[in-house]
Amino acid sequence: MRRSTASVSPSFLSALLSCRHFSVARICRCPSPVHGSHRWVCGISDSLSNNTLNASSSSPNRLMLFSTMAGTILVQARDPAKLNMEILNAIDERRYIDTWKLFEQHMQMEGFPRKSVVNRLLTGFAESLDVKWLEKAYAMVEQAFEESKQNLLEKEPLIYLSLGLAKCGLPVPASTILRKLVETEQFPPVTAWSAILAHMSQTAPGAYLAAELILEIGYLFQDGRVDPRKKSNAPLIAMKPNTTAFNIALAGCLLFCTTRKAEQLLDIMPRICVKADANLLIVMAHIYERNGRREELKKLQRHIDEACNLTDIQFRQFYNCLLTCHLKFGDLDSASNMVLEMLRKAKDARNSLAVATLVLETARNDNRAFTARISGPNLSQNEPEGSHKDRLIEHQIISYDEFSRDRNFVKIGNEAKEVLLSLLAKLQTQVELITTEHGILQPTEKIYVKLVKAFLEAGKLKDLARFLIKAEKEDSPVSNDDSALVHVIKSCISLGWLDQAHDLLDEMRFAGVRTGSSVYASLLKAYCKANRLREVTSLLRDAQKAGIQLDSSCYDTLIQSQVLRQDTQGALDLFKEMKEAKIPRGGNPEFEQLVEGCAGNAEAGLMAKLLREIREGQKLDSGVHDWNNVIHFF
């Protein structure tokens, strides 16, 4: 077994050997804590003076171990240079526990290792992406600053460590390291620290700290404080926040609902001359909508309409924000006009598209042979868009060797852009009021629901009816039962707002808008279920005026309602009405209910009348089951 080694000062050996009246009585190994670890302490008795022991303990190479056998003292020294090599070997072999033990030994003997070893420790622990070793690496950085030995720490390893901390969800130490870099004027380029910001913004605390960091760094550049013409300012200028950094921080604020902090970022942008790109315009729209800044949204609309590089998704997000803001302010006229304008443009676009499609189809038929020649076998085999770009690597990090070779931080800069795209994609999922079809903005059912609810809560039933009728004219539904107004009435019915649904149906009838039987059937069934017979009678009268013929399911519900009320005469009248209208009955459930109802009330006279109706009816097939019920009654 290898013997532990130590170093003993020459002055101690000289004093020990010059003392003639001493004896080594006992050598004990007792651990004594030093710098959070342990060292071996010897117990030596007799005439050895305390001053001599103190002199030995204060020597550069501290006392670690003595061994004695028959009066002979053996001393082995531990070489700090060799210990440095062992630390490097252990970290290269990813033996992190051994690495840390060796580092602690060095700290007890000599303090911090040499500069290259310290930085290799930081990058090695960062490469592990293990929270335990990342925290130990951060503790080393803190201790170095506390002992005023920050000159041991290099810029690139600190940036790399900060990136690892951010990736592992430790935004506080990650941002602290960036601040220390700025304090020591080792300015990190914006491409590097924006990547750290991107990973910090994946959590609520990290998003807040990211915004704070931009505000702090941006303050250095406010109102032209840094002269870009001076070459000495080049490293500082390279750190200036850019559009990507602002996009990342703002998107994080939006996702974690710290929009007031986001507005502070928007306020500082013009003061440090940061220009907005297409993504930033949309992010600004989301912030204005969340904070109720409708006038700012209206000003932004001009820039949105004039921008030539916005996608359909971005247009959809902006107008969703504007529409939502109108609803927040209770401006139903502006909101409904926006919806009608979208429907008008969509109608015009559909007409234009139909003409264009006809022309293209003709041209395609004329040039079919030419198209076949130029379309190679691989043109239609495209890889799904974004299949490989959306793989965000949160728990992987490039090696430090690769990181250090990339002097312009291009790789982690691209990683920051990928994270930004993922943050923006999460914002896109919050768009619920507007969709796009062939690049054309279209209102969704959700906006109709919100508008209807707002109109009804405000008691503006006639305004709601006028809006829905206009929407129906612009939307040109395929059938009368597929219009927006019918969908709204059915929604009211499903919510139990039967009176409002009936009023809207009346407004449709007064305006001369025809509708199918389904909406009458839905309302009639709801009235029967609520046992509101007066409204049932009124609705049947309205249906007759509108020329609506109810189907067998409506009569089924009406007959069932009469039977449950034990009004067999009314049920028989409905049956006769159904027969006279020659409405087909699938499976005759209403007939079965009527027969069972009559049997239950023991009304033989009504049963006899029913039998006469059956005999007189032409092509009336009641079925074997129905006759069995009659026979059972008698």
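So, Arg294 and Phe329: the charged end of Arg294 sits over the ring of Phe329, 4.6 Å from its centre. Keep in mind that this is a predicted model. There's another lysine-and-ring case to look at, with Lys180 lying over the face of Phe145, at 4.7 Å from the ring centre.

Staying with rings for a moment. How many aromatic pairs does the count come to? It comes to 13. One of them is Phe318 with Tyr319, and that pair is edge-to-face, with 5.1 Å centre to centre and 85° between the planes. Are those two buried or exposed? Phe318 is buried, and Tyr319 is buried as well.

Then there's a cluster. Tyr96, Trp100, Phe103, Phe112, Phe125 and Trp133 come together as one aromatic cluster. Take Phe125 from that group and go 10 residues along the chain, and you get to Glu135; the C-alpha atoms of the two are separated by 8.9 Å. Glu135 itself is in helix 6, residues 131–146. Its relative accessibility is 44%, so Glu135 counts as partly exposed.

Okay, helices. Two packed helices are described by the angle between their axes and the distance between the axes. Let's do that for helix 12, residues 243–255, and helix 13, residues 259–268: their axes come within 8 Å and cross at roughly 155°. The cut-off for roughly antiparallel is over 145 degrees, and helix 12 and helix 13 are therefore roughly antiparallel to each other. The crossing, as helix 12 passes helix 13, is left-handed.

Most residues other than glycine have a negative phi. Arg94, though, has a positive phi, near 60°. Where does Arg94 sit? Look in the loop between helix 3 (80–92) and helix 4 (96–109). Phe409 also has a positive phi, near 55°. You'll find Phe409 in the loop between helix 19 (400–405) and helix 20 (410–428). With a relative accessible area of 6%, Phe409 is buried; the cut-off there is under 20%.

Notes:
Residues numbered from 1 in each chain as written. Predicted model: local features only at pLDDT ≥ 70, side-chain atom pairs only at ≥ 80, totals over all residues. Heavy atoms only, no water. Phe/Tyr/Trp six-rings, centres within 6.5 Å; stacked < 30°, edge-to-face > 60°. Buried < 20%, exposed > 50% of the residue type's maximum accessible area, 1.4 Å probe, protein only. Lys NZ or Arg CZ within 6 Å of the ring centre and 35° of its normal. Axes fitted to C-alpha atoms, helices over the stretch in contact; angles between N-to-C directions. Helix = DSSP H or I, 4+ residues; strand = E, 2+ residues; numbered from the N terminus. Parallel < 35°, antiparallel > 145°, perpendicular 65-115°, else oblique. Left-handed = near helix turned anticlockwise from the far one by under 90°.
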